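Have the viewer open as you read.

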Amino acid sequence: MTNETPSAAELDAADPLAPVRSRFSLPEGVIYLDGNSLGALPVGLAERLDQVIRHEWGNRLIRSWNEANWYELPRHVGDRIAPLLGVGAGEVVVGDSTSVSLFRVLAAAVRLRPDRQIVVTERGNFPTDLYILEGLRQLMPDLEIRFWNEGESPEDSLRGAGVLMLTHVDYRTGRIRDMRGLSTAAHEAGALTVWDLSHSTGILDLDIDRDGADFAIGCGYKYLNGGPGAPSFTWVSPELVKVAEQPLSGWFGHKDPFAFVPDFEAASGIQRFLTGTQQVLSLAALDEALNVWEGVSMREVRKKSVMQTERFIAGVERSCSGYGLALLSPRASGERGGQVSFTHDEGYRIMQALISRGVIGDFRAPNILRFGFSPLYVSFADIDRAVEILAEILRTETWRQPQFAAKRTVT
Ligand SMILES: Cc1ncc(COP(=O)(O)O)c(C=O)c1O
């Protein structure tokens with residue numbers, strides 16, 4: 001190998017993040033390229049849950065709300081996610097699904113712009129984001145939804161709008177939206193911004209307050225590795241959180257839940273974005289999962305991520321050309337998040353064939369093969385091997401075997 005094209009072994013040997021892989025429990029023989037959908041299991045997480053279940057719950061019972069700080073978990077876990085967003089302690093809270101968190105912040109943003117009842121978003125946004133917006137519109141018949149299409153001037157779409165709601169990294173293509181540019185355009189138009197950071201957190205080097213986010217939410221189970229259905233996080237800018245009001249005003253968002261008074265009075269900070277009793281087991285799992293970030297620099301993560309996605313694209317284009325794969329993700333690294341997507345008419349079957357060989361990515365209808373590279377546990381050797389297996393499957397057409405056509409519920 002020349003200096004320009006180092007071998008995977010050379011890159012792995014020089015990789016400052018390589019030791020972090022041992023913080024995960026990954027099955028032998030699996031190359032896991034789906035951490036953008038469900039992160040891998042961190043070492044120690046099962047033991048932590050065992051302790052929470054057997055000791056904190058089993059032995060200590062309800063006393064653990066105080067003794068084990070269960071009550072503090074939404075803010076404690078939020079404080080641990082805050083550095084990954086580039087924001088401060090006390091600004092993030094964790095609980096409920098991403099969809100529910102989005103409903104809360106979106107409604108709060110809309111209520112802060114009563115004279116501008118227009119929400120601008122993209123038609124290609126993640127479906128749950130659109131469904132939640134539509135659900136809110138049905139409750140607020142004056143609310144208008146306006147679609148911005150990439151390529152159109154955001155200024156035109158934002159005229160008269162109260163809120164710009166976007167997903168930072170597109171789930172299909174991996175394209176990064178220009179948070180700073182679009183937020184500036186929104187603010188100049190008098191609108192607030194709501195960002196879905198599900199595919200950005202734990203993979204991009206974020207500084208969301210500087211870049212103009214007003215509200216942000218994101219998943220706990222992707223690059224944050226909190227496990228299936230892990231709770232989501234919510235951040236609101238320190239200025240707006242003082243005045244923002246969200247409609248799911250349950251007792252955990254009350255300023256004094258244990259006063260049991262009939263009138264709602266919101267807690268003073270980000271706690272007002274909580275609703276009801278939190279998912280203690282899932283919060284404990286996410287808390288434990290966040291240990292893997294100890295000593296990890298997001299700058300290093302992003303640097304490795306760019307090298308990995310570049311290597312995968314180059315490898316696939318070199319070894320798999322002529323078999324119908326087309327790059328869907330942006331070619332320019334600066335515009336691409338942590339995943340690489342290719343299209344292929346037989347994408348579903350090819351992905352099933354890959355999974356049967358231990359290379360786990362996923363498929364998004366109608367024809368997208370998605371490969372996510374979590375730099376904390378994917379090695380450069382994994383990438384080269386994944387390319388080799390993909391090339392072999394395409395060359396030998398093993399994807400044509402009938403078992404790979406069987407449609408499964410979750411793709
Ligand atoms: C951009 C985006 N938002 C939201 C979600 C899902 O939200 P929830 O946690 O409510 O299922 C996903 C799931 O993949 C996503 O990609």
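Two helices, α5 (98-111) and α6 (127-139), each supply at least two residues of the shell around the ligand; helices here are DSSP runs of H or I, at least four residues long, strands are E runs of at least two, and both are numbered from the N terminus. This is a predicted model, where local features need pLDDT of at least 70, side-chain atom pairs count only at pLDDT 80 or more, and totals for chains, interfaces and linings use all residues. Numbering runs from 1 along each chain as its sequence is written, and side-chain values use heavy atoms, with hydrogens and water left out.

There are 13 residues around the ligand (a heavy atom within 4 Å), and Thr-98, Ser-99, Asp-196, His-199 and Lys-222 come nearest. By type, the shell splits into three nonpolar, seven polar and three charged, with Ala, Val, Leu, Ile, Met, Phe, Trp, Tyr, Cys and Pro taken as nonpolar, Asp, Glu, Lys and Arg as charged, and the others, Gly among them, as polar.

Now zoom in on the atoms. Asp-196 puts a polar side-chain atom 2.7 Å from a ligand nitrogen. On the oxygen side, a ligand oxygen is 2.7 Å from a side-chain N or O of His-199, and a ligand oxygen is 2.6 Å from a side-chain N or O of Lys-222. Taken alone, the ligand exposes 400 Å², and the protein buries 84% of that (Shrake-Rupley areas, 1.4 Å probe; for residues, only the protein chains shown count as cover).

How values were computed: Polar contact = N/O pair within 3.5 Å; in protein donor to acceptor, adjacent residues only side chain to side chain.
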